[in-house]
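Trainee: Could you take me through this model feature by feature, giving the general idea before the particular case?

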Amino acid sequence: MSPEIRPFRIDIPQADLDDLNDRLAHTRWPRELPGEGWSRGVPVAYLKELADYWREGYEWRRHEARLNEFPQFMTEIDGQDIHFLHVRSAEPDALPLLLTHGWPNSFVEFTDLIGHLTDPRAHGGDPAQAFHVVIPSVPGFGFSAPPRETGWNMARVARIWAELMQRLGYDRYGTQGGDLGAYVAPEVAKTAPDQVIGVYAISGLGFPTEADFPELTDEERTAFAALQEEDWMNGVDHHTLLRAAPQTFAYGWHDSPVAALAWMTQKFKEFTAATKLPEQLIDRDLLLTNLTLYWLTGTLGTSSWPMYDSAGFAWPEGQRAAPTGVYSGPPGIRRLAERHATITHWPLDNPSGHHFVAMELPDRVAADIREFFGTLR
């Protein structure tokens, strides 16, 4: 294993962008199936308009340049090439913070959050609460090499993250994660309990299951019922789908940009509250930058390993090696979360319209992260 850290810069060949545009221009569109709105999936007219914008209105080079404004690096850990952003604050007492993205997301999830964390002074915050930010790409996502064998789990990713932080010279830091990251962040604390001072999750802790139902109070049963009504609980079961036949679906996502666009749009719509469209909460270009990154790196299939390498679905459980804070407690139940975690921060009223709230409300997420870690510095 080489401890070398190599500078990295995104530089997509023009031929790859030309190929993407050519494929979009020659899409073979299906007929619209009978049914109202999104009841059969992504409507054809909606996706056609979005695909036209991707081809004619979206400018990858502009967003590539923006991504390259963040210092990026590669290093080999556990036989894997790991891509990461390392954005140091100008504030001398900044706390290192390790951010882990979700699925189907990438480090793009945090591009609007980074400045709020590293430079709170510029965003109306207290400079004493600044962070040095480290954002690795999970193996198989974006520019990080995919696993070459089965048997990967979140604990193995966490060991890589802990080694990365040690390699960067950080012996005291916090971890954060939502969605997939909510599984990884607690594992980092278990792996490096003497280094991790706190674990921050967007949500996912204390979610009740059918097995918990008999012991729930009336108020908690109301919360459980609300959880069952969430769109993301009733949409495409990607966990089951990607455990069953990930290679089969990867052919379409890897070969057809519209198939990839439809899949990503389906998931981001299911992760959107109420009847809104994803771009009503998250900038359309940000959504397309995330998708374009997947397309250009060919990782729509390789990013499926957290599902196909798992035996079944389970909610994150947390850990007791360090205090835990969350951005959004409900629909989780604090009493249930405290079975596996020492909860010290559990807001009941933080705003959220999208599952990937750091993309929607980066200022609110940053403020809450500062509040939680402010008690631990």
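This is a predicted model: local features need pLDDT of at least 70, side-chain atom pairs count only at pLDDT 80 or more; totals for chains, interfaces and linings use all residues.

Mentor: Residues are numbered from 1 along each chain as its sequence is written, and side-chain values use heavy atoms, with hydrogens and water left out.

Trainee: How many helices and strands does the protein chain have?

Mentor: Helices (H or I, at least four residues) and strands (E, at least two) are DSSP runs, numbered from the N terminus. By that reading the protein chain has 16 helices and nine strands. Its radius of gyration, taken over C-alpha atoms, is 20 Å, close to the 21 Å from the globule rule (2.2 Å times the number of residues to the power 0.38) for 377 residues, so the chain is as compact as a globular protein of that length. The C-alpha trace spans about 55 × 55 × 45 Å along its principal axes.

Trainee: What share of the residues in the protein chain is buried?

Mentor: Buried means under 20% relative accessible area, exposed over 50%, and partly exposed in between, with a 1.4 Å probe and protein chains only. Here buried residues make up 54% of the 377 residues. As for contacts (heavy atoms within 4.5 Å), among those between residues at least 6 apart in sequence, 75% join residues at least 24 apart.

Trainee: Where does S328 lie, and which residues is S328 in contact with beyond its neighbours in sequence?

Mentor: S328 lies in the loop between β8 (324-326) and α14 (334-337), and because its relative accessibility is 18%, S328 counts as buried. Leaving aside neighbours within four places in sequence, S328 is in contact with I202, S203 and P347. For polar contacts, look for a pair of N or O atoms within 3.5 Å; within protein, one must be able to donate a hydrogen and the other to accept it, and residues adjacent in sequence count only if both atoms are side-chain atoms. In this case a polar atom of the S328 side chain lies 2.9 Å from the backbone oxygen of P330.

Trainee: What does the side chain of N350 reach?

Mentor: The side chain of N350 reaches the backbone oxygen of Y327 at 2.7 Å, and it also makes a polar contact of 3.2 Å with the side chain of D368. N350 belongs to the loop between β9 (343-345) and α15 (357-360), and with 18% relative accessibility N350 counts as buried. Not counting residues up to four places away in sequence, N350 touches Y327, R364 and D368. The C-alpha atoms of N350 and V365, which are 15 residues apart along the chain, are separated by 8.7 Å.

Trainee: Which side chain does a polar contact join to that of D78?

Mentor: The side chains of D78 and R156 are joined by a polar contact of 2.7 Å. D78 is found in the loop between β2 (72-77) and β3 (80-87), and its relative accessible area of 33% makes D78 partly exposed.

Trainee: Where is D52 found?

Mentor: D52 is found in helix α2, residues 44-56, and D52 is partly exposed at a relative accessible area of 40%. Sequence separation and spatial separation should be read side by side: D52 and T265 are 213 residues apart along the chain, and their C-alpha atoms are separated by 14 Å.
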